[in-house]
Each structure stands twice: as structure tokens, then as C-alpha cells.
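I set out here what I looked up in this structure, entry by entry. I begin with a strand pairing and then widen the view.

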Amino acid sequence: MAQLFNTLPRVAEQALRRTPLYERHADLGAKLVPFAGWEMPVTYEGIREEHTAVRTHAGMFDVSHMGEVEVEGPGALAFLQRVLSNDVAKLEIGGAQYSCLCNEAGGVLDDLFTYRLGGDRYLIVTNSANHDADLAWLGRLSRGFDVAVRDVADRYAMLAVQGPHARAILTRALGLALPTRMRVATARVGNRPALVCGTGYTGEDGVELLIDPEVAPAIWVELLDAGVVPCGLGARDTLRLEVCFHLHGNDLTPERNPIEAGLGWCCADATGFIGADAVARARREGTDEKLAPFKIEGAGIPREGNPVLSDGERVGTVASGTFSPSLEVGIGMAYLRAALAEPGTAVEIDVRGKHRPARIASKPLYQRKG
Amino acid sequence: MTLSDAHYPDDLLYHDQHDWARLEGDEHAVFGITWYAQDSLGEVVFYDPPEVGATISKDASYAEVESVKAVSDVIAPMSGEIVEVNDSLEDSPEKINEDPYGEGWLVKVKLTQPEERGALLGAEEYRKMLEKA
């Protein structure tokens, strides 16, 4: 056997950071891997088991590597309208909203959730690999606005508790009143202030908890005892890809705009956000390529970078690919010629020299039961 | 990684790329991947075997095994011609994890250079190599 080619991004030759739950992961015998500069659990008992636990019961993910940025001040709304693609004016107090952070060319620097915590106070959750760059970008652009941009990543441990039974278990185990989907509520967890967010990255119901790092290990154990299954980044990736949620670095990059990525719905071009002109042009004129989900028909597991072929000609590239534990077949999302990015189109994926028949599908690839 | 559940049978020969060979007489051998290999890979969900009749060369890839997250080439510990592949792995690739030296065998080979066995490691040498890694 040769070396393993992990599809998770790797950061080499650099001290890895550890979350407040590192010891808990080690206790459980997790396989820990470098991920965006952090030492993170990729799996505990097996990706398929963890995946199934989230689809049928309840699983929890330590996502404390994700960053948080607080934006506060009288100019917060005007500033966020400038930097975020969505219409932040529509975000009510206690609401959550998904956005792209674009550069002038409309390229996606990051994709993030914004929570409105108060009249002029917002919290943005960043992807860990982009946190420092996002912070620098936001800090630079905040000049001229009456607003403070603060890195509050060290203030929170983040725990995603997801699955059809997640809410019931959380209510029972932690005595929490949970917000509905796309809402955020303040709470006390471990007798410390916390935020409970009705969001997730799995396609299942559930919440994301932003809690005090000091109480995180005790809360983790409490949820473990309540029957919540610990899940690693491996299952997080298979779960999100089954429901076609984007992963920045794969499906979203600074070289791609939200329109070709299928994220036009979270871009309010009229707000004049940075990149709005480029996004409006892409929307009006169309893009050469589009991101489309696909399923392999038969054997083979597509991976990032695999060529997409049509009649033997290269027409695109796989952005994300994996084995779907729910569908038991290879799945992925690929950037390909816009004309071919229609559900039902037959293509081939060149998986290391073998041409695997595949079909463009509609979103999501996996439909939640019930 | 804990090697508590690891096992490396003494009757096998090992290649440093985490493959094993079980010699059957002077001219035939069965190949597979080691406990360490399957543990590193995680749950195997797909095995892409070579064709019967294919010629394989020592130290070169002859098959692929994939887990949910990773794909790996499987390296031939010795040279030869494939005489049989483990078809049952098509439906049950998890046998590679559950029983890497038994039901999880990958191919049977007619050896073209049986003397290559001299370059392979014994179980004790392989275990020592893993400890050092």
C-alpha cells in the first residue's frame, strides 16, 4: 500500500492547534488529523456509523476550529451590507443568515453565517482556514464605518448537535429552550452565557452551540451520556455533500463567483456589496461553467480534481467527491460547462484513469426522511 | 495510534508499503494489505481489483482500495500474474477491515520471480518498522 491520499486539506510543518475538546477526542480513541491548522477528529468509530447516527438519531461535532467575528456599532448594518452578499437589512434580531464574502471580482473569499444578536451587534462564523484572512479583510474595510470588528474566536467552543433526535435530547439533557431553524437565542450552558443557533451543515434538524471553552468538555460528556454519538469531520463531509452544501476551498474559491456556484439566492445585488457588479453581470450574462451535483452509476468513488468527460471530451472538474453512506454510491459536485449542468445529463468521471458513468442530479442528492 | 488490536501473523511475508504475501508452494502466493494499512485507511467501501491474467510487478500498484475519505494504491510485494481475485470483496469490501489476512485477501498470483521473497520482511521486522515510524 502506498501513502494515503487524504482528501482533507492538510497544513504541513506547522504547530497544530487543539480545541478545548482535544482530550475528550483522544479519550474516545478518535483518529486525529491535521485540518486547516488544527488537530481535529476525522472519525471515532467509523465514518459510516457516525453518518448514519446523524441521519437517524443524533450526532455531535466539535467544530471549535471555526472562527467567530463580532461586529458592533452604529455603523454595523451599513458595514455588513458592504461586505456580505446577502441583504443584511432583512436580518431581524435573533435571526441567522447565510452569505458569501466576495472580493471586487465577485470571487468567494468565504461563505459564512451571520447572527444578529442585538440592534447593532452581529456575530459572524468563519471557516477556520479563512478566519485570519477574513478578519484582516473585514478590519481593513471597516475603516470609514462607525463599527468595531473583533476577533472573538477564543471566546467560544462550538458544538454542532445534529439529527432527528438532537433537539429532544438537548432539551432533556441541558434543559435548553431551543430556537427554531435559522434563529439564534442566548442561553446558559454549564452556567455560562452561550448562544444556541438553529443552523447546521448536515441537512438534518439540530442546533449549533457556541459555548464557553471552559465548560465545553463537561457539556460534551453530558451529551455523550445522553446518547449523542460523537462524529468527526469525515461524517461532516459526507453529510454535507449528500445535501449539496458547499465547502469553501473545494466548491467555493476566490476564482469562482456565487452565480456559478449556485449561490445566487444569497446575493442581493442591489445592496451594492463588494463584488455585486460582477455578480450581477454573471447573473445577467450567465457563466461558462456551473457547479452541479452528480451520482456515479455503478462502481467508483469520485474525488476532488477528477476530470468530467462528455463524449470523451473534458468538460469539467470534480470539486468535491466522496462515497455516500446513505445512497451507497459515489457522489460529488463538479464545475462543468453550463449547458451540461442540467439534471439527467449523462457524463463520465475520470477516476484515476477509469471512466465511470455518472449522471447530473438535482439538489439535494439525499432527501431527508419525513 | 494505538496498536493494541494490531496483529501480524508470523507465517506471512511483509512489504514495507503495508502489504503481505502468503506463499503457497514455490510458485504461488496470496496478497493482501496489513492490519496497519486497513486501520490507517478506515472502513473500506470499494475494492478495484486487477484483471485475472494481468501481470504485476514488485513495488508497483496493482489495485486500489478506497475508504470513505481516502484512496490508496495497493503495492505488489512480489512480481507475477494474477490467477484469481477475491470477487466477494465487490459486495463486502469491509472484509478487508474485519479479516485482512483471511477473508479480506485481495489476489492470488503465479509468481514469476519467487526469489523476490528474500527482499520481504518477516513479521518481527515489520512490527519493528511500524514501531519506529
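**Entry 1: a sheet in chain B**

I note that the model is a predicted one.

I then asked in what order the strands of this open sheet of chain B run. The six strands follow the order 1-2-3-9-8-5, and their pairing is antiparallel. Strand 1 (13-15) and strand 5 (55-56) of chain B each have a single partner strand and stand at the edges, so one side of each lacks a neighbour in the sheet.

**Entry 2: chain B as a whole**

I counted the elements of chain B and found three helices and nine strands. Their sequence pattern reads β-β-β-α-β-β-β-β-β-α-β-α. The radius of gyration of chain B is 14 Å, close to the 14 Å that the globule rule gives for 133 residues, so chain B is as compact as a globular protein of that length. Taken along the principal axes, its C-alpha atoms fill a box of roughly 35 × 35 × 20 Å.

I also looked up burial and found that 43% of the 133 residues of chain B count as buried. Of the contacts in chain B with a separation of 6 or more, 63% are between residues 24 or more positions apart.

**Entry 3: where chain B touches chain A**

I recorded 21 residues from chain B and 19 residues from chain A in the contact. Which elements of chain B each supply at least two residues of its side? They are helix 1 (35-41), strand 4 (44-48), strand 6 (61-67) and strand 7 (70-75). Strand 7 of chain B gives the most to this side, with six residues. By class, the side of chain B that touches chain A holds ten nonpolar, six polar and five charged residues.

**Entry 4: chain A as a whole**

I turned to chain A, whose secondary structure comes to eight helices and 20 strands. Its radius of gyration is 20 Å, close to the 21 Å that the globule rule gives for 370 residues, so chain A is as compact as a globular protein of that length. The C-alpha trace of chain A spans about 60 × 50 × 45 Å along its principal axes. Of the 370 residues in chain A, 50% are buried. Residues 24 or more positions apart make up 66% of the contacts in chain A with a separation of 6 or more.

**Entry 5: domains of chain A**

I took the bounds from the domain assignment, which gives domain 1 (22-64 + 156-242), domain 2 (67-154) and domain 3 (289-360) of chain A. The C-alpha centres of domain 1 and domain 3 of chain A lie 31 Å apart. Their contact takes eight residues from domain 1 and six residues from domain 3. On the side of domain 1, helix 2 (47-56) and helix 7 (233-242) of chain A each supply at least two residues. By class, that side of domain 1 has one nonpolar, three polar and four charged residues.

**Entry 6: helix 2 of chain A**

I asked whether helix 2 of chain A is largely enclosed or open. Seven of its ten residues are buried, so helix 2 of chain A is largely enclosed by the rest of the structure. The buried residues are A:I47, A:R48, A:E50, A:H51, A:A53, A:V54 and A:R55. Among the elements that cover them are strand 3 (38-43), strand 4 (59-62), strand 10 (157-162), strand 14 (229-231) and helix 7 of chain A.

I looked up the largest nonpolar core, which has 133 residues. Those with the most contacts inside this core are A:V71, A:L159, A:V161, A:L209, A:I211 and A:A334. Leaving aside residues up to four places away in sequence, A:L159 touches A:M60, A:D62, A:L209, A:I211, A:A216 and A:I219. A second, separate core of seven residues includes A:F35, A:W38, A:M40 and A:A129.

Not counting residues up to four places away in sequence, A:Y115 touches A:A96, A:Y122, A:L123, A:V184 and A:C197. A:Y115 and A:G94 are 21 residues apart in sequence, and their C-alpha atoms are 6.9 Å apart in space.

Key: Residues numbered from 1 in each chain as written. Chains lettered and ligands numbered in written order. Predicted model: local features only at pLDDT ≥ 70, side-chain atom pairs only at ≥ 80, totals over all residues. Core = buried A, V, L, I, M, F, W, Y, C linked by C-beta atoms within 7 Å. Buried ≥ 20, exposed ≤ 12 C-beta atoms within 10 Å, placed from the backbone. Contact = placed C-beta atoms within 7 Å. Domains from an automatic or database assignment. Helix = DSSP H or I, 4+ residues; strand = E, 2+ residues; numbered from the N terminus. Nonpolar A, V, L, I, M, F, W, Y, C, P; charged D, E, K, R; others polar. Pairing = 2+ DSSP bridges. Rg over C-alpha atoms; globule rule 2.2 N^0.38 Å.
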